[in-house]
Amino acid sequence: MEFYTPNVKTIRFGDRVVQAGEAHLRNRGFLRVTVPRIVPASGACENVDTLFEISVAGNPRWFQGGQKQAYFAQTGQLYLESLLGEGGLPKLYCVGPSARAETAVDTRHLTEFEMIEIEFRGSFPELLQEIELFIGSLVQAVLTLPPAERVEYNLPADLSHLEKHPKEFPKIKYKDALHELGLPWGSDISSKQEKFLIANHGGGPILITHYPNPMSDRMQLLFEHKVQDLAIKFFNMIPDPEDPDYVLSCDCIVPTGGECVGSAARVHTAEEFRQRLFSSPMFKRLKEKDPLAEQGFSWYLGMLEKFPSVPHAGCGFGMSRIFQYLLGEPDITKVVVLPSNRERLY
């Protein structure tokens, strides 16, 4: 294996941006918490087929007397959510790796990347604002570097794409995005199509909102005839009160980097969480992999029952793709130190 020498400029850039992001969150009243990274099934994010399974001496059920299969975490979401309830805190965030068994070896995917995740007591419109403010704070962290120092952070000479960064992002509902793209309902939006939408809406970041609710009767009928990645989106998203066939969810798409944030207003009652979990396409896929998958969510359901939660929302910021946007770099492997994928394991 060819030895990779970490790029000092890349290290400085990443350090400045992540530090700016954490400072912004602290100024907004968020507290940092360390969450587990070796987790049961509750650490899954969207596509359960990209979970990294953990075994000890060949035993995949080494934990809790053979009751739980363990995985490398894709998200700390439920751990943050569990700490917002009765007696908890109103605003929390975590920083850590997200491990994905991505088969693609390309300029967009890594098997491990850094995420900053937030959860807070608040509404869906407030969540969209938090996304805009967070990414805006990172843009400012780059633009406020003195021109003479920018070369030390690997910045391009032309930062006009950041100078035009909008405070508010265009918001496009999923069904309207499909209409604009001329795609049939149920389609996933490709990276090429994301670029088309960005170009049509000002050339900066956009928010694609209100994805299909996989638990509504109408959507389940439609999904039976359209097997798409959308069918395995995470389950605990609140249905839109104005149109329950869709949920209060959002992906943030940025130039160069593509989708860099997944977010939603969360289900917060134990009864609704249980109902949506066990009837979700995601859980059905997970049961195929792990017949005891239900045990992986028992701790969270127990927390909800003992410490009732409140309406809340949250998201995960994929920092590598945000780095791509800030640097205008199309290759994700060039914006992080020691990038890992299926063909590169250090």
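This is a predicted model: local features need pLDDT of at least 70, side-chain atom pairs count only at pLDDT 80 or more; totals for chains, interfaces and linings use all residues.
**Entry 1: helix 1 against helix 11**

I started with the residues where these two helices touch: Phe-13, Gly-14, Val-17 and Val-18 of helix 1 meet Met-319, Phe-323, Leu-326 and Leu-327 of helix 11. Sorting that contact by class, I get seven nonpolar residues, one polar and no charged ones.

Next I looked up the geometry. Helix 11 covers residues 319–327, and its axis comes within 11 Å of the helix 1 axis, with a crossing of roughly 110°. Angles of 65 to 115 degrees count as roughly perpendicular, so I put helix 1 and helix 11 down as roughly perpendicular to each other.

**Entry 2: helix 1 against helix 3**

I stayed with helix 1, residues 8–27, and turned to helix 3, residues 124–143. Their axes come within 9 Å and cross at roughly 135°. That makes the pair oblique, therefore not a perpendicular one by the angle classes. I also noted the hand: helix 1 passes helix 3 in a right-handed crossing.

Which residues of helix 1 meet helix 3? On the helix 1 side I listed Phe-13, Arg-16, Val-17, Ala-20, Gly-21, His-24 and Leu-25. Across from them, helix 3 brings Leu-133, Phe-134, Ser-137, Leu-138, Ala-141 and Val-142. By class this contact divides into nine nonpolar, three polar and one charged. Phe-13 and Val-17 turn up here and also in the contact with helix 11.

**Entry 3: helix 5 against helix 6**

I moved on to helix 5 (residues 174–181) and helix 6 (residues 191–200), which pack at an angle of about 95° with their axes 11 Å apart. So these two are roughly perpendicular to each other. From helix 5, the contact uses Ala-177, Glu-180 and Leu-181; from helix 6, Gln-193, Phe-196, Leu-197 and Asn-200. I sorted them into four nonpolar, two polar and one charged.

**Entry 4: the second largest pocket**

Last, I looked at a pocket.

By class, the lining of the second largest pocket comes out as seven nonpolar, five polar and five charged residues.

Notes: Residues are numbered from 1 along each chain as its sequence is written. Side-chain values use heavy atoms; hydrogens and water are left out. Axes are lines fitted to C-alpha atoms, for helices over the stretch in contact, and angles run from 0 to 180 degrees between N-to-C directions. Helices (H or I, at least four residues) and strands (E, at least two) are DSSP runs, numbered from the N terminus. Angles under 35 degrees count as roughly parallel, over 145 as roughly antiparallel, 65 to 115 as roughly perpendicular and the rest as oblique. A crossing is left-handed if the near helix is turned anticlockwise from the far one by less than a right angle, and right-handed if clockwise. Contact means heavy atoms within 4.5 Å. Ala, Val, Leu, Ile, Met, Phe, Trp, Tyr, Cys and Pro count as nonpolar, Asp, Glu, Lys and Arg as charged, and the others, Gly among them, as polar.
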